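The text then turns to the annotated residues.

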Amino acid sequence: MKELIDKLYLNKELKSEEFKALIQGRTPELAEYLFEKSRQVRMTHYGNDIYMRGLIEFTNYCKNDCYYCGIRKSNSKVQRYRLSEDDILICCQTGYDLGFRTFVLQGGEDSYFSDEKLVHIITSIKKQHSDCAITLSIGERSHESYLAFFNAGAERYLLRHETANAQHYKMLHPPNLTLASRKACLFDLKQIGFQVGAGFMVGSPFQTVDNLVEDLLFIKELQPHMVGIGPFIPHHQTPFAKEAKGSLELTLFMLGLIRLLSPEVLLPSTTALGTIDPLGRELGILAGGNVVMPNLSPVSVRNKYMLYDNKICTGDEAAECRFCMQKRMESIGYQVVVSRGDCISLQ
Ligand code: 5AD
Ligand code: FES
């Protein structure tokens with residue numbers, strides 16, 4: 001097994017049977033061996049620096065009905081909100097003063113935010129903070145929309161593929177959503193020139209080890225600049241309310257594998273990881289992660305953006321989260337840096 005990890009470290013790829021053997025045969029000892037390597041690779045490219053992204057959850061309206069997601073349109077218990085452009089600009093200013101140089105605008109698929117409105121928002125943020133990067137995370141849109149956002153100054157786009165297996169994708173989403181369309185968006189975004197982030201949930205309902213292998217192979221194929229992964233966590237008002245959550249241990253193992261597979265990738269240690277374990281985010285960094293995404297959303301809306309149950313940081317002001325994160329990273333020997341934190345392969 002260790003030889004397979006050495007092989008992945010050297011060749012940056014494995015055959016699917018080899019990935020499967022590694023995931024199935026993993027032990028705590030093997031995981032530790034993997035993390036030594038993944039930390040070493042991360043250290044080579046990014047040192048001890050941890051990049052921060054300020055997450056602004058600007059709308060929880062969503063036209064989609066993904067079975068796993070707490071803000072799915074069928075969840076009538078959600079109090080829906082939208083931030084105004086002014087609200088968003090205030091979040092950015094607060095974030096800027098706290099040292100954030102990347103803002104992630106995340107929301108449900110909300111057609112209220114037309115291309116025109118979003119272009120205006122992107123342009124205004126760029127006007128005030130020309131040294132900052134803007135990441136969008138607003139789901140599937142047309143080529144024209146993506147192009148308009150890119151031309152307005154957004155340079156990154158997060159769109160998790162959720163699972164690279166078409167049948168599994170169908171079990172997680174209603175029939176109008178397809179893996180083919182998700183993949184087409186990702187390749188389109190890349191072709192336009194965005195730094196693109198894909199990703200998936202670990203331990204989502206019906207997921208098999210083969211599916212996880214397919215996720216890794218898809219990452220190899222897409223070559224994204226970022227990969228967002230976190231454990232699936234049930235939300236009590238969704239069809240998956242009674243499903244088991246994903247495990248910390250498997251999520252960390254997948255993070256380690258992804259670091260070896262894509263040495264230069266930006267790899268967040270996610271809020272979901274911090275939700276299933278009090279030290280989840282620290283452990284994610286120690287498994288090879290190099291990005292954290294503290295929340296910059298106004299406290300008044302935080303508990304309305306509940307993708308899953310028990311989400312952390314919902315009561316904390318931006319500044320609290322920012323300094324909490326700094327302390328957490330310092331406690332394990334890393335430092336959060338004031339930087340746009342571009343992917344090293346682009347610098
Ligand atoms: N558990 C964990 N992650 C979730 N996401 C959505 N719902 C859940 C959940 N119940 C993730 C999806 C989505 C991202 C914004 O949040 O992967 O792409
Ligand atoms: Fe948000 Fe610790 S990171 S409170």
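The paragraphs below treat the cavities and then the annotated positions.

This is a predicted model, in which local features need pLDDT of at least 70 and side-chain atom pairs count only at pLDDT 80 or more, while totals for chains, interfaces and linings use all residues. Residues are numbered from 1 along each chain as its sequence is written.

A cavity is a set of points on a 1 Å grid over the protein atoms alone where a 1.4 Å probe fits but cannot get out, and its lining residues have an atom within 4 Å of a point. Volume is the space filled by probe spheres set on the points, which are joined across faces, edges and corners. Two cavities of 30 Å³ or more are counted. The largest holds about 1000 Å³ and is lined by 49 residues, with Gln106, Ser137, Arg160, Glu162 and Leu307 nearest its centre. Strand E7 (226–231) is among the elements giving two or more residues to this lining, and its share, five residues, is the largest; strands are DSSP runs (E, at least two residues) and helices likewise (H or I, at least four), numbered from the N terminus.

The UniProt annotation "binding site", from an unreviewed entry, covers Glu162 and Arg182; such annotations may be inferred rather than shown by experiment.

Glu162 sits in the loop between strand E5 (156–158) and helix H7 (166–172), whereas Arg182 is in helix H8 (residues 179–192). Glu162 is buried at 11% relative accessibility, and Arg182 is buried at 6% (under 20% relative accessible area, 1.4 Å probe, protein chains only).

Definitions and conventions:
Chains are lettered from A and ligands numbered from 1 in the order in which they are written. Side-chain values use heavy atoms; hydrogens and water are left out. Buried means under 20% relative accessible area, exposed over 50%, partly exposed in between (1.4 Å probe, protein chains only). On a 1 Å grid over the protein atoms alone, a cavity is a set of points where a 1.4 Å probe fits but cannot get out, and a pocket is an open set with protein on both sides within 12 Å along at least five of seven lines; lining residues have an atom within 4 Å of a point.
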